[in-house]
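Please consult the sequence and the structure shown below while reading.

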Amino acid sequence: NELIAEISSRQSDALDWWISSPAVRSTRASNLFQNCMYVLLVRSFLSEQSEPCKVKVECDHLAHVLKTAFRDRVHIHKSISLRGWGSRRAGLIKDVLSTLYFIFSSSMAARLTRKYKRPIERDDILIMRSYMFPGSIYNGESTDSYFAKFFDCLDQEQREKTYIMPLFVGVLNYVRLFLTLRTSSQNFLFIEDYLSFRDYLFSLGHWWRCGKISVDNARLDGILVTALVEADLKRGRYTKSSVLSLLVYQAWQGIQAGGLKVRRCITWYEGSNIDRAESLSLKRFCPQVDHVGYRGVIVEPTFLSLTPLIHEFRAGLIPTEMAVIGPVFEDALRSECPYLWITSSPAFRYDYLRDTGKVFGKKPTILLALPIDPQISRYLISVMKEIQDNQYGERVLFKVKCHPAMPRDRMTGQYNIEWPATLEETTEALPDVLPNIDLLISTGSSTLVEAVTLGIPVLCMSSRNSYTQNPI
């Protein structure tokens, strides 16, 4: 946090820096935090022994930092992996192509379906900004897993003035999705309706502008780690979320120019680059909007981007008001920035737990809840396959629940993940499937917390090459 705060102090209000991977501090989307911990770990080993330390690394930038910092006290052994080198290059190409496909497909889908656009209320609007996945539509209606029961708390007049602003994740058929949402009974407000061709060019310009950001003399507790920060800056600038965050930033200008009088915007807050860009845009172009960041989920404490820092607060990157799902979470959220305005709000995502109890079946059932990360999912599936083959056979029923943003066909097609025939995928909603299981296996998912609440044993799988994401 201190490293990023020091670099941020030199950026002089640069929007492209605020949405960059190093500045966001996401320990899930970036390996900068992990590499910095490796550097400090090596220093700790060296402080306890006089002999040189042997370190095996795959990252060229990490090897450079270690050699520069500790010189002859470390013997670097580079693990050369053509597969790893190729996958990194392929990852960059995939990011670029994915971003371009998203921009073209979503903008064209919005234009082709615009004749189905319903009139929007002009005054006193409430906007709920959330995410939408391929499986978020059921019987022509949105099944929002973020705010869930929120809309049940509204009367008819309030519902008519409430609009969902969906941001799409993992979607391929944008035309079908736009058509379904535009003709549904729910109110939607799409950022694509408020973006111009110039806005898209500005957002794609981040790829060029980000390359001009200087992070010279970046030091972690006195150790020069500029190479690690530069590598993370380069790797993250081509991601879809970077361009999407700038589109959200531009869209709020279009909403303001369009004459819509938004009273309040409630954002599903994770401290992402999208959250930052939206906060900055609202403060600059729509200061009359009451912006609330809703942190409605329980996550592991190492998810650094969820804890705002003082320099982020002063730069306008944090919503005016932060809402958490209970007073017990207020101190943790305020730990790095005492100036936050924090309120407690209902835990909409977990509301079903109040009226749900464990159901005992005849056959023991184990559920594997996969995270959004395809590589972790690959590992968990292989572990489950090994358990099936070596121990339980037909005595136990095994089920797999995919993450909404990473459905089975995407894992097996795009990421070539082998899906054993003995694994049964369940497409039931989590509140329906959880009460009927006897053991939950996962990692980095709030589903672990939900299962514990229902009295179901859980197994949080540890990581083989990184820190373990444990929300419990």
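## Strand pairing

Two strands pair if DSSP finds at least two bridges between them. Helices (H or I, at least four residues) and strands (E, at least two) are DSSP runs, numbered from the N terminus. On this basis, strand β14 (residues 397-401) runs parallel to strand β15 (residues 424-425), and 2 bridges join them. V400 has E425 in β15 as its bridge partner. Between β14 and β15 the chain passes through helix α17 (residues 408-414), forming a right-handed β-α-β crossover. Right-handed here means that, with the strands pointing away from the viewer, the path from the first strand over the helix to the second runs clockwise.

Strand β14 also pairs with strand β13 (residues 365-369), in the parallel sense and over 5 bridges. Within this pairing, I366 has F398 in β14 as its bridge partner. Of the 5 residues of β14, 4 are buried, so the strand is largely enclosed by the rest of the structure. Buried means under 20% relative accessible area, exposed over 50%, and partly exposed in between (1.4 Å probe, protein chains only).

## Basis and confidence

This is a predicted model, in which local features need pLDDT of at least 70, side-chain atom pairs count only at pLDDT 80 or more, and totals for chains, interfaces and linings use all residues. Residues are numbered from 1 along each chain as its sequence is written, and side-chain values use heavy atoms, with hydrogens and water left out.

The predictor's confidence in each residue is given as pLDDT, from 0 to 100. The chain has a mean pLDDT of 86, with 93% of its residues at 70 or more. Confidence is highest in helix α9 (residues 197-204), at a mean of 96, and lowest in strand β5 (residues 141-142), at 68.

## A nonpolar surface patch

A nonpolar patch on the surface is formed by F104, M108, L112 and V175, which together have about 380 Å² of accessible area. Such areas come from the Shrake-Rupley method with a 1.4 Å probe; for residues, only the protein chains shown count as cover. Like charges are joined within 9 Å, and nonpolar side chains (Val, Leu, Ile, Met, Phe, Trp, Tyr) within 5 Å.

Helix α6 (residues 82-112) supplies the largest share of the patch, 3 residues. F104 lies in helix α6 and is exposed, with a relative accessible area of 55%.

## Residues with positive phi

R25, although not a glycine, has a positive phi of about 65°. R25 sits in the loop between α3 (21-24) and α4 (32-47) and is buried, at 7% relative accessible area.

D124 is likewise a residue other than glycine with a positive phi, near 55°. D124 belongs to the loop between α6 and β3 (125-132) and is partly exposed, with a relative accessible area of 37%.

How values were computed. Patch = residues over 30% accessible without salt bridge, like charges linked within 9 Å, V, L, I, M, F, W, Y side chains within 5 Å. Salt bridge = Lys/Arg side-chain N within 4 Å of Asp/Glu carboxyl O.
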